[in-house]
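Colleague: I would like to learn how to read helix packing and nonpolar cores in a model such as this one. Could we take one feature after another?

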Amino acid sequence: MTVNIAHTPNSLNTNPAIAPEVNNSKVENHNTANTVLEMNTETLAAVVLQELQGTLKSKPAKAETIITRIAQEVERICQKSNRIQNSGEVQSWQLSLARHRLQKCVQYYKLGSKQGRVELHSLLASMIYRHIASFRAQLSFQGRYNLIEDFLQGFYIESLRAFRREHNLEEDYTPRVKLELAEYMAFTEQYAKRQIGLPGRNRQRLIVLRAQGFAKGQPPETSLDIEMAVESPKGEDAEAFSRSSAVQQVREQMVSEAVDPAEAVLRDRVISELINYLEVQGQDQCIDYLRLKLQDYQASDIDKELGLTSRQRDYLQQRFKYHVEKFACSKNWKLVHQWLGADIDQKLGMNSDKWEAFQATLSPEQQQILQLKRNGEDEQAIAKTIKCTPKQLQKRWAKLLDMAWVFRNSDQS
């Protein structure tokens, strides 16, 4: 059985040839600089606007306004993220985050208002399908479908309200032109995927939490709204609500389990690249398995959805594990290790003492490869320097990463 959900977009466009030359004194080459300055909102907006025009071959209505909102949101994320601020590569992050959001907008823009709604609706429905009612409820497909429709109508209203609030728009703002609608649909997808911290350092997507509350029959007015927990109280009733122990607990939990905005972007990029890799490898069943795991399906539910026996599922898990390991050591190693906080600029996740000890275990050739990687040399140049083919270099680098993983995790409780 194939799980039908909206197609995941391709990886971010990082081709430096596409980025325009906007005030070169401020915009540096983000692919080569290890420490770069932060761009201001106007400069970033100019870069992204020119990329939008280059992609669409035209300038849609309201383009400047929407691109400015993207630039402002990116600036806010970069300021809030300790990971980005400590990376020394704020400008690189600004460009990646802005392009990620631009790509989402363009994706929905190209689909058009009708097909875009269909794709978004399909994606959100797949995320909440098993949470909108338990399998024990023995609902027919039509019954579950009706519940999903009822829930999503309310969720779209909530998303629009959040969109207005986060971008300081008028209370009656409604997207009207094509690019505005694409922006709102991209925001709704991102809003649904937001990770909310839960007790025990667990996390769950916001839309799943909302669906679970809906499934328990909680009316909207009795559910504890996360938005109210973070907003400043207005009026006596709001003040009293804000002082209640329930809201205090929610606020404390949200602060203690706050998710760095950069984490969600990296996670989405890793998943997108992994799905693209599995598609190229012809592993459609592995893609279905990944999507179900991302929706928190248990083993028995996966068997039911994919029509597998326990033995067939075990075999699928092994095949999936093999491809994930291969993916992590292929050309995507940098993205995966960046997400894990173990990039080469972060000493592959080791402290200084362990990093020095690890380098001492390497052969002269491995040390040379490591140094060339740290210098930002491309694969072709490194292969030429150590006199081997790019394929041989990939194998040697994968072995080195394997050694680093073992060394990093040795002698740790």
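Predicted model: local features only at pLDDT ≥ 70, side-chain atom pairs only at ≥ 80, totals over all residues.

Colleague: At roughly what angle do the axes of helix H17 and helix H19 cross?

Modeller: The axes of helix H17 (residues 364–374) and helix H19 (residues 390–408) cross at roughly 95° and come within 11 Å. Angles of 65 to 115 degrees count as roughly perpendicular, which means that H17 is roughly perpendicular to H19.

Colleague: And how should I read a core, for instance which residues have the most contacts inside the largest nonpolar core?

Modeller: The general idea is that, in soluble globular proteins, nonpolar side chains tend to be buried together. Here the largest nonpolar core has 59 residues, and those with the most contacts inside it are Leu52, Leu124, Leu152 and Ile207. Helices H1, H2, H4, H5, H6 and H7 each supply at least two residues of this core, and the largest share, 16 residues, comes from H4. Domain 1 (41–111) and domain 2 (115–232) each give this core at least three residues.

Colleague: Which residues is Ile207 in contact with, leaving aside its neighbours within four places in sequence?

Modeller: With those neighbours left aside, Ile207 is in contact with Leu124, Met127, Ile128, Phe151, Leu152, Phe155 and Ala192.

Key. Residues numbered from 1 in each chain as written. Heavy atoms only, no water. Core = buried A, V, L, I, M, F, W, Y, C linked by side-chain atoms within 4.5 Å. Buried < 20%, exposed > 50% of the residue type's maximum accessible area, 1.4 Å probe, protein only. Helix = DSSP H or I, 4+ residues; strand = E, 2+ residues; numbered from the N terminus. Domains from an automatic or database assignment. Contact = heavy atoms within 4.5 Å. Axes fitted to C-alpha atoms, helices over the stretch in contact; angles between N-to-C directions. Parallel < 35°, antiparallel > 145°, perpendicular 65-115°, else oblique.
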